[in-house]
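Welcome! Have a look at the sequence and the model, then read on.

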Amino acid sequence: MTASSLKSRGSWTNALFVAPYLFVYLCLLIYPLIAGMGLSLFKADLFGGGTFVGFENFARLFRDEVFLQSVANTFYFVALTVPPLTVLPLFLALLLNRTTRVAAFFRGVFFSSSVLSVTIVTLVWRMILMSEGGLASNITALFGAEAIAFLSDPKIVMISMAIITVWWCLGLPMMLYLSALQQVPKDIYEAAELDNASWWRTLWSITLPSVSRTIILVAIFECVLQFQLFGQPQLITQGGPNGASRPIVLFIFEIGFRRWDVGYAAAASQILFAIILIATLVQYFVTTRRSRSEALAQPKVRGNA
Amino acid sequence: MTASDNKRLRDVALLATLVVLGFIMLVPLMWTVLLSLKSNSDLLQSTANAFHGPYTVENYAAITKSSGVFRWLMNSVIVSGLQTIGVLVLASLAGYGFARLEFPYRDQIFLLVLFGLAIPEQAVIITRHQLFTGLHLHNSYPGLILPGLAAPFGVFLMTQYFKAIPKELDEAAILDNASRFKIFWKVLLPLTIPAQATLGIFTFLGSWNDYWWPLISATRADMFTLTVGLSASQINFAQTSGLGYLMTQAVFAAVPILIVYIIFQKYIVRAVAGAAIR
(Lines give C-alpha, C1' and ligand atoms only; values in the text may rest on other atoms or scores of the structure.)
Protein backbone atom coordinates (compact mmCIF):
# COMPACT_ATOMS: atom_id res chain seq x y z
CA MET A 1 0.00 0.00 0.00
CA THR A 2 2.71 2.44 1.02
CA ALA A 3 4.75 1.30 -1.96
CA SER A 4 1.95 2.00 -4.39
CA SER A 5 1.30 5.43 -2.92
CA LEU A 6 5.01 6.15 -3.16
CA LYS A 7 5.03 5.13 -6.80
CA SER A 8 2.02 7.30 -7.61
CA ARG A 9 3.72 10.25 -5.96
CA GLY A 10 5.67 11.32 -8.99
CA SER A 11 3.05 10.44 -11.56
CA TRP A 12 1.43 12.59 -14.19
CA THR A 13 -2.03 11.92 -12.76
CA ASN A 14 -1.13 14.15 -9.82
CA ALA A 15 -0.79 16.98 -12.29
CA LEU A 16 -4.54 16.74 -12.94
CA PHE A 17 -5.06 19.02 -9.93
CA VAL A 18 -3.12 21.85 -11.54
CA ALA A 19 -4.22 21.09 -15.11
CA PRO A 20 -7.48 23.15 -15.16
CA TYR A 21 -5.77 26.31 -13.95
CA LEU A 22 -2.72 25.71 -16.09
CA PHE A 23 -4.90 25.40 -19.20
CA VAL A 24 -6.64 28.74 -18.52
CA TYR A 25 -3.31 30.36 -17.62
CA LEU A 26 -1.53 29.22 -20.77
CA CYS A 27 -4.44 30.13 -23.07
CA LEU A 28 -5.39 33.49 -21.60
CA LEU A 29 -2.13 34.91 -20.26
CA ILE A 30 0.95 33.21 -21.70
CA TYR A 31 -0.34 32.73 -25.24
CA PRO A 32 -1.50 36.38 -25.56
CA LEU A 33 1.86 37.52 -24.17
CA ILE A 34 3.89 35.52 -26.70
CA ALA A 35 1.52 36.23 -29.57
CA GLY A 36 1.73 39.92 -28.65
CA MET A 37 5.52 39.82 -28.87
CA GLY A 38 5.17 38.28 -32.31
CA LEU A 39 2.50 40.75 -33.39
CA SER A 40 4.71 43.67 -32.39
CA LEU A 41 6.99 42.74 -35.31
CA PHE A 42 4.18 43.05 -37.87
CA LYS A 43 2.37 45.89 -39.51
CA ALA A 44 -1.14 44.56 -38.96
CA ASP A 45 -4.66 45.87 -38.77
CA LEU A 46 -7.94 44.55 -37.40
CA PHE A 47 -8.41 42.08 -40.24
CA GLY A 48 -5.34 40.02 -39.44
CA GLY A 49 -3.30 40.17 -42.65
CA GLY A 50 0.06 41.65 -41.65
CA THR A 51 3.45 42.18 -43.16
CA PHE A 52 6.62 41.46 -41.25
CA VAL A 53 8.44 44.70 -40.50
CA GLY A 54 11.01 43.58 -37.90
CA PHE A 55 11.64 46.21 -35.28
CA GLU A 56 10.15 49.02 -37.37
CA ASN A 57 7.21 49.44 -34.91
CA PHE A 58 9.66 50.03 -32.06
CA ALA A 59 11.68 52.47 -34.14
CA ARG A 60 8.44 54.27 -34.95
CA LEU A 61 7.52 54.42 -31.23
CA PHE A 62 10.75 56.20 -30.38
CA ARG A 63 10.07 58.78 -33.11
CA ASP A 64 6.41 59.17 -32.13
CA GLU A 65 6.04 62.33 -30.06
CA VAL A 66 2.58 61.27 -28.85
CA PHE A 67 4.04 58.05 -27.43
CA LEU A 68 7.07 59.77 -25.90
CA GLN A 69 4.76 62.31 -24.30
CA SER A 70 2.63 59.49 -22.85
CA VAL A 71 5.74 57.83 -21.37
CA ALA A 72 6.82 61.13 -19.82
CA ASN A 73 3.28 61.71 -18.50
CA THR A 74 3.23 58.27 -16.90
CA PHE A 75 6.57 58.74 -15.13
CA TYR A 76 5.44 62.21 -14.01
CA PHE A 77 2.21 60.73 -12.63
CA VAL A 78 4.11 57.99 -10.76
CA ALA A 79 6.41 60.63 -9.28
CA LEU A 80 3.39 62.69 -8.21
CA THR A 81 1.43 59.84 -6.61
CA VAL A 82 3.91 57.37 -5.08
CA PRO A 83 5.41 59.69 -2.40
CA PRO A 84 2.02 60.81 -0.99
CA LEU A 85 0.65 57.26 -1.26
CA THR A 86 3.64 56.03 0.75
CA VAL A 87 3.69 58.75 3.44
CA LEU A 88 0.06 59.80 3.98
CA PRO A 89 -1.26 56.27 4.69
CA LEU A 90 1.61 55.75 7.14
CA PHE A 91 0.59 58.94 8.94
CA LEU A 92 -3.04 57.75 9.07
CA ALA A 93 -2.00 54.31 10.28
CA LEU A 94 0.04 55.86 13.11
CA LEU A 95 -3.00 57.90 14.17
CA LEU A 96 -5.35 54.91 13.93
CA ASN A 97 -3.20 52.17 15.43
CA ARG A 98 -5.36 51.66 18.53
CA THR A 99 -8.31 49.46 19.39
CA THR A 100 -10.95 52.12 20.13
CA ARG A 101 -14.28 52.33 18.32
CA VAL A 102 -13.39 55.81 17.07
CA ALA A 103 -10.26 54.42 15.41
CA ALA A 104 -12.27 51.60 13.80
CA PHE A 105 -14.78 54.13 12.46
CA PHE A 106 -12.09 56.29 10.89
CA ARG A 107 -10.32 53.25 9.43
CA GLY A 108 -13.61 52.53 7.69
CA VAL A 109 -13.87 56.13 6.46
CA PHE A 110 -10.38 56.19 4.95
CA PHE A 111 -10.77 52.78 3.31
CA SER A 112 -14.27 53.44 1.91
CA SER A 113 -13.08 55.14 -1.29
CA SER A 114 -10.99 52.06 -2.15
CA VAL A 115 -14.04 49.88 -2.76
CA LEU A 116 -15.44 52.22 -5.43
CA SER A 117 -14.87 51.63 -9.13
CA VAL A 118 -12.92 54.08 -11.26
CA THR A 119 -16.10 55.18 -13.03
CA ILE A 120 -17.73 56.27 -9.77
CA VAL A 121 -14.54 57.93 -8.55
CA THR A 122 -14.14 59.95 -11.73
CA LEU A 123 -17.80 60.95 -11.78
CA VAL A 124 -17.55 62.17 -8.19
CA TRP A 125 -14.33 64.09 -8.77
CA ARG A 126 -15.47 65.65 -12.01
CA MET A 127 -18.23 67.28 -9.95
CA ILE A 128 -15.54 68.71 -7.68
CA LEU A 129 -12.96 69.83 -10.23
CA MET A 130 -14.90 70.95 -13.34
CA SER A 131 -14.45 74.68 -13.82
CA GLU A 132 -18.14 75.38 -14.39
CA GLY A 133 -20.21 74.39 -11.38
CA GLY A 134 -17.66 72.16 -9.66
CA LEU A 135 -17.53 72.24 -5.87
CA ALA A 136 -14.03 73.76 -6.00
CA SER A 137 -15.18 76.60 -8.25
CA ASN A 138 -18.17 77.20 -5.98
CA ILE A 139 -15.77 77.56 -3.06
CA THR A 140 -13.35 79.87 -4.90
CA ALA A 141 -16.38 81.96 -5.97
CA LEU A 142 -17.24 82.47 -2.30
CA PHE A 143 -13.91 84.25 -1.93
CA GLY A 144 -14.42 86.13 -5.16
CA ALA A 145 -11.51 84.30 -6.78
CA GLU A 146 -11.41 82.90 -10.28
CA ALA A 147 -12.00 79.17 -10.78
CA ILE A 148 -8.84 77.07 -11.15
CA ALA A 149 -8.71 75.19 -14.46
CA PHE A 150 -8.06 71.82 -12.82
CA LEU A 151 -8.96 69.81 -15.91
CA SER A 152 -8.19 72.12 -18.83
CA ASP A 153 -4.79 73.58 -17.94
CA PRO A 154 -2.07 71.25 -19.31
CA LYS A 155 0.21 72.23 -16.41
CA ILE A 156 -2.36 71.32 -13.76
CA VAL A 157 -4.28 68.39 -15.22
CA MET A 158 -1.82 65.65 -14.14
CA ILE A 159 -1.76 67.10 -10.61
CA SER A 160 -5.57 66.83 -10.58
CA MET A 161 -5.30 63.18 -11.67
CA ALA A 162 -2.81 62.62 -8.84
CA ILE A 163 -5.15 64.18 -6.24
CA ILE A 164 -8.01 61.95 -7.41
CA THR A 165 -5.78 58.89 -7.33
CA VAL A 166 -4.38 59.55 -3.86
CA TRP A 167 -7.94 59.98 -2.51
CA TRP A 168 -8.98 56.74 -4.22
CA CYS A 169 -5.98 54.54 -3.32
CA LEU A 170 -4.80 55.48 0.17
CA GLY A 171 -6.93 52.87 1.96
CA LEU A 172 -4.96 49.77 1.01
CA PRO A 173 -1.48 51.00 2.00
CA MET A 174 -3.00 52.30 5.26
CA MET A 175 -4.24 48.78 6.04
CA LEU A 176 -0.83 47.30 5.13
CA TYR A 177 0.86 49.72 7.54
CA LEU A 178 -1.68 48.98 10.28
CA SER A 179 -1.03 45.26 10.07
CA ALA A 180 2.73 45.90 10.15
CA LEU A 181 2.37 48.19 13.19
CA GLN A 182 0.37 45.56 15.03
CA GLN A 183 3.28 43.16 14.72
CA VAL A 184 5.66 45.43 16.58
CA PRO A 185 6.06 43.79 20.02
CA LYS A 186 4.25 45.81 22.68
CA ASP A 187 6.90 45.45 25.38
CA ILE A 188 9.36 47.57 23.41
CA TYR A 189 6.94 50.46 23.83
CA GLU A 190 6.50 49.69 27.51
CA ALA A 191 10.25 49.77 27.96
CA ALA A 192 10.41 53.09 26.11
CA GLU A 193 7.73 54.51 28.39
CA LEU A 194 9.69 53.45 31.47
CA ASP A 195 12.69 55.25 30.03
CA ASN A 196 10.52 58.36 29.67
CA ALA A 197 11.22 58.50 25.94
CA SER A 198 9.24 61.24 24.19
CA TRP A 199 6.53 60.35 21.65
CA TRP A 200 8.70 61.78 18.89
CA ARG A 201 11.73 59.80 19.98
CA THR A 202 9.68 56.59 20.19
CA LEU A 203 8.40 57.20 16.65
CA TRP A 204 11.87 57.71 15.19
CA SER A 205 13.79 55.04 17.09
CA ILE A 206 11.20 52.27 17.43
CA THR A 207 8.13 52.58 15.22
CA LEU A 208 9.60 53.72 11.90
CA PRO A 209 12.56 51.29 11.91
CA SER A 210 10.21 48.37 12.58
CA VAL A 211 7.98 49.18 9.59
CA SER A 212 10.78 50.30 7.25
CA ARG A 213 10.41 47.22 5.04
CA THR A 214 6.69 47.79 4.70
CA ILE A 215 7.42 51.37 3.62
CA ILE A 216 9.70 50.12 0.84
CA LEU A 217 7.16 47.48 -0.14
CA VAL A 218 4.30 49.96 -0.33
CA ALA A 219 6.41 52.32 -2.46
CA ILE A 220 7.25 49.61 -5.01
CA PHE A 221 3.72 48.18 -5.01
CA GLU A 222 2.32 51.64 -5.71
CA CYS A 223 4.86 52.18 -8.51
CA VAL A 224 3.66 49.01 -10.26
CA LEU A 225 0.03 50.00 -9.73
CA GLN A 226 0.28 53.64 -10.79
CA PHE A 227 2.25 52.82 -13.96
CA GLN A 228 -1.02 51.25 -15.12
CA LEU A 229 -2.95 54.54 -14.94
CA PHE A 230 -5.83 54.51 -17.40
CA GLY A 231 -9.41 55.08 -16.22
CA GLN A 232 -9.03 58.45 -14.53
CA PRO A 233 -7.77 60.40 -17.58
CA GLN A 234 -9.67 58.26 -20.09
CA LEU A 235 -12.97 59.07 -18.41
CA ILE A 236 -12.42 62.68 -17.38
CA THR A 237 -10.16 64.30 -20.01
CA GLN A 238 -9.72 61.64 -22.73
CA GLY A 239 -6.01 62.36 -22.38
CA GLY A 240 -6.31 66.09 -23.00
CA PRO A 241 -5.68 68.95 -23.11
CA ASN A 242 -3.11 68.46 -25.90
CA GLY A 243 -2.22 65.00 -24.62
CA ALA A 244 -1.07 66.40 -21.28
CA SER A 245 -2.90 63.65 -19.36
CA ARG A 246 -2.46 60.73 -21.76
CA PRO A 247 -0.63 57.81 -20.05
CA ILE A 248 0.95 54.81 -21.83
CA VAL A 249 -2.08 52.55 -21.33
CA LEU A 250 -4.41 55.12 -22.89
CA PHE A 251 -2.00 55.34 -25.85
CA ILE A 252 -2.18 51.55 -26.30
CA PHE A 253 -5.98 51.67 -26.00
CA GLU A 254 -6.35 54.42 -28.60
CA ILE A 255 -3.94 52.90 -31.11
CA GLY A 256 -5.26 49.35 -30.64
CA PHE A 257 -9.00 49.88 -30.30
CA ARG A 258 -9.73 53.22 -31.95
CA ARG A 259 -7.25 53.24 -34.85
CA TRP A 260 -6.94 49.41 -34.96
CA ASP A 261 -3.21 49.65 -35.69
CA VAL A 262 -2.75 46.46 -33.66
CA GLY A 263 0.89 45.68 -34.50
CA TYR A 264 1.94 49.14 -33.38
CA ALA A 265 -0.20 48.91 -30.21
CA ALA A 266 1.35 45.50 -29.44
CA ALA A 267 4.80 47.07 -29.68
CA ALA A 268 3.81 49.78 -27.19
CA SER A 269 2.45 47.02 -24.91
CA GLN A 270 5.93 45.41 -24.85
CA ILE A 271 7.45 48.64 -23.56
CA LEU A 272 4.84 48.77 -20.78
CA PHE A 273 5.49 45.11 -19.98
CA ALA A 274 9.24 45.74 -19.73
CA ILE A 275 8.75 48.65 -17.31
CA ILE A 276 6.34 46.70 -15.08
CA LEU A 277 8.55 43.60 -15.19
CA ILE A 278 11.53 45.54 -13.88
CA ALA A 279 9.43 47.03 -11.06
CA THR A 280 8.01 43.61 -10.17
CA LEU A 281 11.45 41.99 -10.10
CA VAL A 282 12.62 44.67 -7.68
CA GLN A 283 9.53 43.98 -5.57
CA TYR A 284 10.22 40.22 -5.69
CA PHE A 285 13.77 40.60 -4.43
CA VAL A 286 12.71 42.96 -1.66
CA THR A 287 9.90 40.60 -0.60
CA THR A 288 12.07 37.49 -0.50
CA ARG A 289 14.70 39.33 1.51
CA ARG A 290 11.88 40.46 3.79
CA SER A 291 10.48 37.02 4.41
CA ARG A 292 13.93 35.60 5.10
CA SER A 293 14.66 38.23 7.72
CA GLU A 294 11.14 37.83 9.08
CA ALA A 295 11.71 34.10 9.48
CA LEU A 296 14.81 34.96 11.49
CA ALA A 297 12.90 37.49 13.56
CA GLN A 298 9.94 35.20 14.19
CA PRO A 299 11.15 33.14 17.19
CA LYS A 300 12.29 36.29 18.95
CA VAL A 301 8.85 37.88 18.59
CA ARG A 302 7.19 34.72 19.87
CA GLY A 303 9.56 34.56 22.80
CA ASN A 304 8.61 38.07 23.77
CA ALA A 305 4.91 37.39 23.56
CA MET B 1 -1.01 65.66 36.84
CA THR B 2 0.80 67.46 34.01
CA ALA B 3 1.45 64.15 32.33
CA SER B 4 -2.23 63.26 32.19
CA ASP B 5 -3.10 66.80 31.06
CA ASN B 6 -0.60 66.36 28.27
CA LYS B 7 -2.13 63.06 27.34
CA ARG B 8 -5.64 64.51 27.22
CA LEU B 9 -4.41 67.43 25.11
CA ARG B 10 -2.79 64.98 22.73
CA ASP B 11 -5.98 62.93 22.47
CA VAL B 12 -8.03 66.03 21.64
CA ALA B 13 -5.51 67.11 18.99
CA LEU B 14 -5.56 63.60 17.56
CA LEU B 15 -9.34 63.51 17.37
CA ALA B 16 -9.46 66.97 15.78
CA THR B 17 -6.94 65.92 13.12
CA LEU B 18 -8.96 62.80 12.37
CA VAL B 19 -12.24 64.71 12.13
CA VAL B 20 -10.72 67.23 9.70
CA LEU B 21 -9.05 64.56 7.52
CA GLY B 22 -12.14 62.34 7.63
CA PHE B 23 -14.31 65.26 6.59
CA ILE B 24 -12.02 66.03 3.63
CA MET B 25 -12.18 62.34 2.72
CA LEU B 26 -15.98 62.31 2.72
CA VAL B 27 -16.67 65.71 1.13
CA PRO B 28 -16.61 64.37 -2.45
CA LEU B 29 -19.17 61.71 -1.56
CA MET B 30 -21.42 64.14 0.31
CA TRP B 31 -21.36 66.57 -2.62
CA THR B 32 -22.38 63.73 -4.95
CA VAL B 33 -25.34 62.81 -2.75
CA LEU B 34 -26.40 66.48 -2.49
CA LEU B 35 -26.34 66.88 -6.28
CA SER B 36 -28.35 63.69 -6.75
CA LEU B 37 -31.09 65.17 -4.55
CA LYS B 38 -31.56 68.29 -6.69
CA SER B 39 -33.75 68.70 -9.74
CA ASN B 40 -31.85 68.85 -13.03
CA SER B 41 -33.22 72.28 -13.95
CA ASP B 42 -32.06 73.72 -10.60
CA LEU B 43 -28.54 72.43 -11.24
CA LEU B 44 -28.55 73.74 -14.81
CA GLN B 45 -29.00 77.19 -13.34
CA SER B 46 -26.17 76.78 -10.87
CA THR B 47 -24.73 73.87 -8.93
CA ALA B 48 -24.43 76.22 -5.94
CA ASN B 49 -28.19 75.61 -5.58
CA ALA B 50 -27.26 72.23 -4.11
CA PHE B 51 -26.26 73.97 -0.86
CA HIS B 52 -29.91 74.69 -0.06
CA GLY B 53 -33.33 73.18 -0.69
CA PRO B 54 -35.68 72.30 -2.20
CA TYR B 55 -34.44 68.73 -2.41
CA THR B 56 -36.23 66.04 -4.34
CA VAL B 57 -36.03 62.32 -5.02
CA GLU B 58 -37.26 62.68 -8.61
CA ASN B 59 -33.89 61.45 -9.98
CA TYR B 60 -34.18 58.29 -7.93
CA ALA B 61 -37.72 57.78 -9.24
CA ALA B 62 -36.42 58.33 -12.80
CA ILE B 63 -33.67 55.73 -12.40
CA THR B 64 -36.13 52.97 -11.52
CA LYS B 65 -37.91 53.65 -14.81
CA SER B 66 -34.79 53.29 -16.97
CA SER B 67 -34.15 49.58 -17.31
CA GLY B 68 -30.49 49.93 -18.33
CA VAL B 69 -28.99 50.34 -14.88
CA PHE B 70 -30.75 47.28 -13.46
CA ARG B 71 -29.57 45.15 -16.34
CA TRP B 72 -25.98 46.35 -15.71
CA LEU B 73 -26.35 45.62 -12.01
CA MET B 74 -27.49 42.08 -12.81
CA ASN B 75 -24.57 41.61 -15.25
CA SER B 76 -22.13 42.74 -12.57
CA VAL B 77 -23.58 40.32 -10.02
CA ILE B 78 -23.40 37.40 -12.49
CA VAL B 79 -19.88 38.17 -13.73
CA SER B 80 -18.35 38.91 -10.30
CA GLY B 81 -20.12 35.98 -8.62
CA LEU B 82 -19.13 33.36 -11.18
CA GLN B 83 -15.61 34.72 -11.53
CA THR B 84 -15.13 34.50 -7.75
CA ILE B 85 -16.37 30.89 -7.66
CA GLY B 86 -14.18 30.00 -10.64
CA VAL B 87 -11.05 31.50 -9.11
CA LEU B 88 -11.66 29.73 -5.78
CA VAL B 89 -12.10 26.33 -7.47
CA LEU B 90 -9.11 26.61 -9.82
CA ALA B 91 -6.80 28.16 -7.22
CA SER B 92 -7.69 25.58 -4.52
CA LEU B 93 -7.10 22.62 -6.84
CA ALA B 94 -3.85 24.06 -8.18
CA GLY B 95 -2.69 25.21 -4.75
CA TYR B 96 -3.13 21.69 -3.38
CA GLY B 97 -1.36 20.21 -6.38
CA PHE B 98 1.65 22.51 -6.13
CA ALA B 99 1.91 22.31 -2.35
CA ARG B 100 1.35 18.60 -1.75
CA LEU B 101 1.71 16.40 -4.82
CA GLU B 102 4.69 15.44 -6.89
CA PHE B 103 4.65 15.30 -10.64
CA PRO B 104 7.25 15.84 -13.36
CA TYR B 105 8.49 19.45 -13.77
CA ARG B 106 6.33 20.61 -10.83
CA ASP B 107 8.76 23.28 -9.63
CA GLN B 108 9.41 24.57 -13.13
CA ILE B 109 5.68 24.84 -13.79
CA PHE B 110 5.18 26.69 -10.51
CA LEU B 111 7.92 29.16 -11.49
CA LEU B 112 6.14 29.71 -14.80
CA VAL B 113 2.96 30.55 -12.89
CA LEU B 114 4.86 32.92 -10.57
CA PHE B 115 6.18 34.70 -13.65
CA GLY B 116 2.56 35.56 -14.49
CA LEU B 117 2.45 37.90 -11.49
CA ALA B 118 4.63 40.27 -13.51
CA ILE B 119 2.40 40.36 -16.60
CA PRO B 120 0.10 43.38 -16.57
CA GLU B 121 -3.38 42.88 -18.08
CA GLN B 122 -2.77 45.87 -20.32
CA ALA B 123 0.24 44.28 -21.99
CA VAL B 124 -1.69 41.26 -23.32
CA ILE B 125 -4.89 43.09 -24.26
CA ILE B 126 -4.41 43.31 -28.03
CA THR B 127 -3.88 39.60 -28.64
CA ARG B 128 -6.37 38.55 -25.97
CA HIS B 129 -8.98 40.67 -27.72
CA GLN B 130 -8.10 38.98 -31.04
CA LEU B 131 -8.35 35.55 -29.41
CA PHE B 132 -11.83 36.29 -28.03
CA THR B 133 -12.91 37.69 -31.38
CA GLY B 134 -11.85 34.43 -33.00
CA LEU B 135 -13.80 32.40 -30.43
CA HIS B 136 -16.86 34.69 -30.75
CA LEU B 137 -16.77 35.34 -27.01
CA HIS B 138 -17.18 39.12 -26.94
CA ASN B 139 -20.46 40.40 -25.51
CA SER B 140 -21.05 37.14 -23.62
CA TYR B 141 -20.81 36.10 -19.96
CA PRO B 142 -18.00 33.57 -20.55
CA GLY B 143 -16.17 36.32 -22.42
CA LEU B 144 -16.39 38.63 -19.43
CA ILE B 145 -15.63 35.97 -16.81
CA LEU B 146 -12.78 33.89 -18.30
CA PRO B 147 -9.86 36.38 -18.32
CA GLY B 148 -10.15 36.88 -14.55
CA LEU B 149 -9.58 33.16 -14.00
CA ALA B 150 -6.06 33.35 -15.45
CA ALA B 151 -4.65 35.69 -12.77
CA PRO B 152 -1.95 33.80 -10.78
CA PHE B 153 -2.41 35.62 -7.46
CA GLY B 154 -4.96 33.09 -6.16
CA VAL B 155 -2.81 30.07 -7.01
CA PHE B 156 0.15 31.71 -5.30
CA LEU B 157 -1.92 32.47 -2.18
CA MET B 158 -3.49 29.00 -1.94
CA THR B 159 -0.17 27.21 -2.52
CA GLN B 160 1.37 29.13 0.36
CA TYR B 161 -1.62 28.31 2.52
CA PHE B 162 -1.66 24.57 1.77
CA LYS B 163 2.09 24.42 2.45
CA ALA B 164 1.50 25.84 5.93
CA ILE B 165 -0.85 22.97 6.90
CA PRO B 166 1.00 20.19 8.81
CA LYS B 167 1.77 17.22 6.55
CA GLU B 168 0.87 14.68 9.28
CA LEU B 169 -2.79 15.34 8.50
CA ASP B 170 -2.68 13.95 4.98
CA GLU B 171 -0.22 11.22 5.92
CA ALA B 172 -2.77 9.87 8.39
CA ALA B 173 -5.41 9.95 5.68
CA ILE B 174 -3.11 8.11 3.24
CA LEU B 175 -2.80 5.29 5.79
CA ASP B 176 -6.60 5.14 5.80
CA ASN B 177 -6.31 4.50 2.07
CA ALA B 178 -8.17 7.68 1.14
CA SER B 179 -7.81 8.87 -2.46
CA ARG B 180 -5.92 12.04 -3.33
CA PHE B 181 -9.11 13.86 -4.12
CA LYS B 182 -10.78 12.70 -0.92
CA ILE B 183 -7.85 13.98 1.16
CA PHE B 184 -8.08 17.29 -0.62
CA TRP B 185 -11.86 17.57 -0.30
CA LYS B 186 -12.50 16.13 3.17
CA VAL B 187 -9.32 16.84 5.13
CA LEU B 188 -7.48 19.86 3.78
CA LEU B 189 -10.06 22.06 2.06
CA PRO B 190 -12.08 22.79 5.23
CA LEU B 191 -8.87 24.04 6.83
CA THR B 192 -8.36 26.64 4.10
CA ILE B 193 -11.60 28.56 4.70
CA PRO B 194 -9.84 31.71 6.01
CA ALA B 195 -7.72 31.81 2.84
CA GLN B 196 -10.82 31.18 0.70
CA ALA B 197 -12.48 34.18 2.37
CA THR B 198 -9.47 36.42 1.70
CA LEU B 199 -9.20 35.34 -1.92
CA GLY B 200 -12.97 35.49 -2.44
CA ILE B 201 -13.27 39.05 -1.15
CA PHE B 202 -10.32 40.27 -3.22
CA THR B 203 -11.56 38.56 -6.36
CA PHE B 204 -15.11 39.85 -5.94
CA LEU B 205 -14.04 43.45 -5.32
CA GLY B 206 -11.56 43.36 -8.19
CA SER B 207 -14.06 41.85 -10.58
CA TRP B 208 -16.89 44.18 -9.54
CA ASN B 209 -14.69 47.24 -10.11
CA ASP B 210 -12.90 45.99 -13.22
CA TYR B 211 -13.15 48.54 -15.97
CA TRP B 212 -10.41 47.66 -18.45
CA TRP B 213 -11.56 44.29 -19.85
CA PRO B 214 -15.37 44.85 -19.89
CA LEU B 215 -14.77 48.20 -21.61
CA ILE B 216 -13.02 46.38 -24.44
CA SER B 217 -15.04 43.17 -24.58
CA ALA B 218 -18.60 44.34 -23.89
CA THR B 219 -19.56 46.71 -26.68
CA ARG B 220 -23.32 46.09 -26.60
CA ALA B 221 -25.24 48.09 -23.98
CA ASP B 222 -27.13 45.02 -22.75
CA MET B 223 -23.83 43.30 -21.87
CA PHE B 224 -22.31 46.26 -19.99
CA THR B 225 -21.35 45.76 -16.37
CA LEU B 226 -22.25 48.54 -13.95
CA THR B 227 -18.77 50.03 -14.24
CA VAL B 228 -18.81 50.25 -18.03
CA GLY B 229 -22.46 51.30 -18.22
CA LEU B 230 -21.75 54.23 -15.95
CA SER B 231 -18.74 55.22 -18.06
CA ALA B 232 -20.90 55.30 -21.18
CA SER B 233 -23.19 57.85 -19.54
CA GLN B 234 -20.17 59.79 -18.39
CA ILE B 235 -18.41 60.00 -21.73
CA ASN B 236 -21.57 61.45 -23.29
CA PHE B 237 -21.32 63.99 -20.53
CA ALA B 238 -22.30 66.96 -22.69
CA GLN B 239 -25.56 65.37 -23.86
CA THR B 240 -26.36 63.90 -20.47
CA SER B 241 -29.92 63.87 -19.23
CA GLY B 242 -28.86 66.12 -16.36
CA LEU B 243 -26.26 66.39 -13.64
CA GLY B 244 -28.61 65.33 -10.87
CA TYR B 245 -29.60 62.22 -12.79
CA LEU B 246 -25.96 61.35 -13.52
CA MET B 247 -25.06 61.70 -9.84
CA THR B 248 -28.01 59.51 -8.93
CA GLN B 249 -26.55 56.83 -11.18
CA ALA B 250 -23.22 57.18 -9.35
CA VAL B 251 -24.91 56.83 -5.97
CA PHE B 252 -26.94 53.88 -7.24
CA ALA B 253 -23.77 52.16 -8.50
CA ALA B 254 -21.85 52.86 -5.29
CA VAL B 255 -24.50 51.67 -2.84
CA PRO B 256 -24.32 47.87 -3.46
CA ILE B 257 -20.54 47.69 -3.04
CA LEU B 258 -20.61 50.03 -0.03
CA ILE B 259 -23.19 47.75 1.60
CA VAL B 260 -20.99 44.73 0.85
CA TYR B 261 -18.08 46.67 2.31
CA ILE B 262 -19.91 47.62 5.52
CA ILE B 263 -21.16 44.04 6.07
CA PHE B 264 -17.78 42.42 5.38
CA GLN B 265 -15.62 45.24 6.75
CA LYS B 266 -14.13 43.08 9.48
CA TYR B 267 -13.23 40.35 6.97
CA ILE B 268 -11.83 42.81 4.45
CA VAL B 269 -9.53 44.28 7.09
CA ARG B 270 -8.45 40.78 8.06
CA ALA B 271 -7.99 39.85 4.40
CA VAL B 272 -5.67 42.80 3.78
CA ALA B 273 -3.74 42.03 6.95
CA GLY B 274 -3.53 38.34 5.96
CA ALA B 275 -2.27 39.14 2.48
CA ALA B 276 0.33 41.43 4.01
CA ILE B 277 1.66 38.78 6.36
CA ARG B 278 1.79 36.05 3.68
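Residues 71-283 of chain A are 73% helix and 0% strand, with end C-alpha atoms 21 Å apart. Please keep in mind that this is a predicted model. In an unreviewed UniProt entry, residues 71-283 of chain A are listed as "domain: ABC transmembrane type-1".

UniProt, again in an unreviewed entry, also lists "transmembrane region" for several stretches of chain A: 12-34, 75-96, 108-128, 156-178, 199-221 and 264-286. Two of these stretches are set side by side here.

Next, let us look at a pair of helices in chain A. How do the axes of α4(A) and α9(A) cross? Helix α4 (residues 65-96) of chain A and helix α9 (residues 171-181) of chain A have axes that come within 8 Å and cross at roughly 50 degrees. α4(A) is therefore oblique to α9(A). The crossing in which α4(A) passes α9(A) is right-handed. On the α4(A) side, the residues that meet α9(A) are Leu85(A), Pro89(A), Leu90(A), Leu92(A), Ala93(A) and Leu96(A). Their partners in α9(A) are Pro173(A), Met174(A), Tyr177(A), Leu178(A) and Leu181(A). Sorted by class, this contact of α4(A) with α9(A) has eleven nonpolar residues, no polar ones and no charged ones.

The loop between α13 (231-236) and α14 (248-257) of chain A is worth a stop too, as it holds Pro241(A). Gly240(A) and Pro241(A) are joined by a cis peptide bond, with omega at about -10 degrees. Gln238(A) lies in the loop between α13 and α14 of chain A as well. Although Gln238(A) is not a glycine, its phi is positive, near 50 degrees. For context, most residues other than glycine have a negative phi, and most peptide bonds are trans.

Finally, we come to the two chains together. How many residues of chain A are in contact with chain B? There are 66 of them, and they touch 72 residues of chain B. Helix α2 (residues 19-39) of chain A gives the largest share of the chain A side, twelve residues. By class, the chain A side that touches chain B has 46 nonpolar residues, 19 polar and one charged.

Chain B itself is divided into domain 1 (2-59) and domain 2 (67-235). The C-alpha centres of domain 1 and domain 2 of chain B are 38 Å apart.

Key: Residues numbered from 1 in each chain as written. Chains lettered and ligands numbered in written order. Predicted model: local features only at pLDDT ≥ 70, side-chain atom pairs only at ≥ 80, totals over all residues. UniProt positions renumbered as here; feature names shortened; annotations may be inferred. Helix = DSSP H or I, 4+ residues; strand = E, 2+ residues; numbered from the N terminus. Axes fitted to C-alpha atoms, helices over the stretch in contact; angles between N-to-C directions. Parallel < 35°, antiparallel > 145°, perpendicular 65-115°, else oblique. Left-handed = near helix turned anticlockwise from the far one by under 90°. Contact = placed C-beta atoms within 7 Å. Nonpolar A, V, L, I, M, F, W, Y, C, P; charged D, E, K, R; others polar. Domains from an automatic or database assignment.
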